[in-house]
Amino acid sequence: MVKIGNISLPDFPLLLAPMEDVSDPPFRAVCKANGADLMYTEFISSEGLIRAAAKSRKKLDVFDYERPIGIQLFGSDVETMGECAAISTEAGPDLIDINYGCPVKQVACRGAGAALLQDIPKMVAMTAAVVKSTHLPVTVKTRLGWDEGTKNVEEVAERLQDVGIQALTVHGRTRAQLYKGEADWRLIASIKNNPRIHIPIFGNGDIDSPQKALEYQQRYGVDGVMIGRASIGYPWIFREVKHYVATGQLLAPPTLEERVAMCQMHFDRSVEWKGPKVGIFEMRRHYAHYFRGLEGAKAWRTRLVEAGTPAEVYEILQEIASSDAVLVG
């Protein structure tokens, strides 16, 4: 069993990565249904939360079926991050997570996300402020370093543990790499093997199959893995990893009927949480992923994207389910 403060997770837990414009409650629902052990909200701007921006406040929505669930925050101001941790605690999550890993310019160039890897004292002060502002466990997600010449995550791990974080997730790339190249997990293993480190260490980056999840766990000794892009349109990755770890056998991929059913569940949750207009619009980004490899997928996807009512979407999904279309990939 893996413990994060008072949160108990199974051996070798699978975490759903927080992904902007992806890991909202509807997406989290389908991942939870397929075995995700710990999930996080989309990352929330501390400045937006302080201003009571509607989009930031909406991201605080968490539901009992998601538990354990963490709210992830990012920002560039120490005091503001502490205030936002207190606000987020009132929303009732199970933990607070700090994003020190986002590499995109809109975040990093404003001194937040991965930018804090260039200012370790400020990162430590910010983390301490968040820890002091909540009774919940505080965790961190970060990267190896800013660039190839400044891979400082081993120092980061020790110093953040010293100020009270209770788990650390490391993406095996630098900020400069963005999402290019192959993730390097060797420094993640070094953190896990550090006798000073006693908190759970989770690895993130390039986990896209059951075989790789188990291989990386065995090779690098991490307590669990975080899965991001591989789960988009394919939440079955969680159940497939769990089955493979337990039995050494690969599950058969989801059938066409299963793909349609999961897509419809996702759609229903989207409309329920966001309302019909926004729910229909924002679901459009997911259809290509759910039906990747389906014969004639482009035509189906075009119709789904053009559908303007829930009834139209349901009708098209049922047509797909009852069609003779073949999954070719």
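Which residue just after α11 takes a positive phi? In this predicted model, that residue is Gly275, whose phi is about 90°.

Helix α11 has 19 residues and spans 27 Å from its first C-alpha to its last, which is close to the 27 Å expected at 1.5 Å a residue. Among the residues of α11 that are buried are Leu256, Val260, Met262, Phe267 and Trp273, together with Arg259, His266 and Lys274. The buried residues of this helix pack against α1 (25-33), α3 (54-58), α10 (236-247), α12 (276-283), α13 (287-290) and α15 (310-321).

In soluble globular proteins, nonpolar side chains tend to be buried together. Here the largest nonpolar core has 102 residues, and the members that touch the most others are Leu73, Trp185, Phe291 and Ile320. Helix α11 (residues 256-274) supplies the largest share of this core, with six residues. Apart from it lies another core, made up of five residues, including Phe43, Cys102, Val107 and Ala112.

Trp185 can also be followed through its own surroundings: with neighbours within four places in sequence left aside, Trp185 is in contact with Gly203, Asn204, Gly205, Ile207, Tyr216, Tyr220, Val222 and Val225. Two of these partners return in a cluster, in which ring pairs link Trp185, Tyr216 and Tyr220.

The structure holds eight aromatic pairs. One of them joins Tyr234 and Trp236 edge-to-face, with 5.3 Å from centre to centre and 70° between the planes, and both of these residues are buried. In another pair, the ring centres of Phe267 and Tyr314 are 5.6 Å apart and the planes stand at 85°, so this pair is edge-to-face. Because Phe267 lies in helix α11 and Tyr314 in helix α15, the pair ties together parts that are 47 residues apart in sequence. Phe267 counts as buried because its relative accessibility is 0%, whereas Tyr314, at 30%, counts as partly exposed.

Rings also meet charged groups in this model: the charged end of Arg143 sits over the ring of Tyr179, 4.9 Å from its centre, and the charged end of Arg269 sits over the ring of Tyr65, 4.7 Å from its centre.

Finally, Lys3 is found in strand β1 (residues 2-4) and is partly exposed, with a relative accessible area of 43%. Not counting residues up to four places away in sequence, Lys3 touches Ser8, Gln166 and Pro200, and a polar contact of 3.1 Å joins the side chains of Lys3 and Ser8. Val22, by contrast, is 19 residues from Lys3 in sequence and 27 Å from Lys3 in space, C-alpha to C-alpha.

Definitions and conventions. Residues are numbered from 1 along each chain as its sequence is written. This is a predicted model: local features need pLDDT of at least 70, side-chain atom pairs count only at pLDDT 80 or more; totals for chains, interfaces and linings use all residues. Side-chain values use heavy atoms; hydrogens and water are left out. A nonpolar core is a set of buried Ala, Val, Leu, Ile, Met, Phe, Trp, Tyr and Cys residues joined through side-chain atoms within 4.5 Å. Buried means under 20% relative accessible area, exposed over 50%, partly exposed in between (1.4 Å probe, protein chains only). Helices (H or I, at least four residues) and strands (E, at least two) are DSSP runs, numbered from the N terminus. Contact means heavy atoms within 4.5 Å. The expected span of a helix is 1.5 Å times one less than its number of residues. A polar contact is a pair of N or O atoms within 3.5 Å; within protein, one must be able to donate a hydrogen and the other to accept it, and residues adjacent in sequence count only if both atoms are side-chain atoms. Rings of Phe, Tyr and Trp (its six-membered ring) pair if their centres lie within 6.5 Å; planes under 30 degrees apart count as stacked, over 60 as edge-to-face and the rest as tilted. A charge sits over a ring if NZ of Lys or CZ of Arg is within 6 Å of the ring centre and within 35 degrees of the ring normal.
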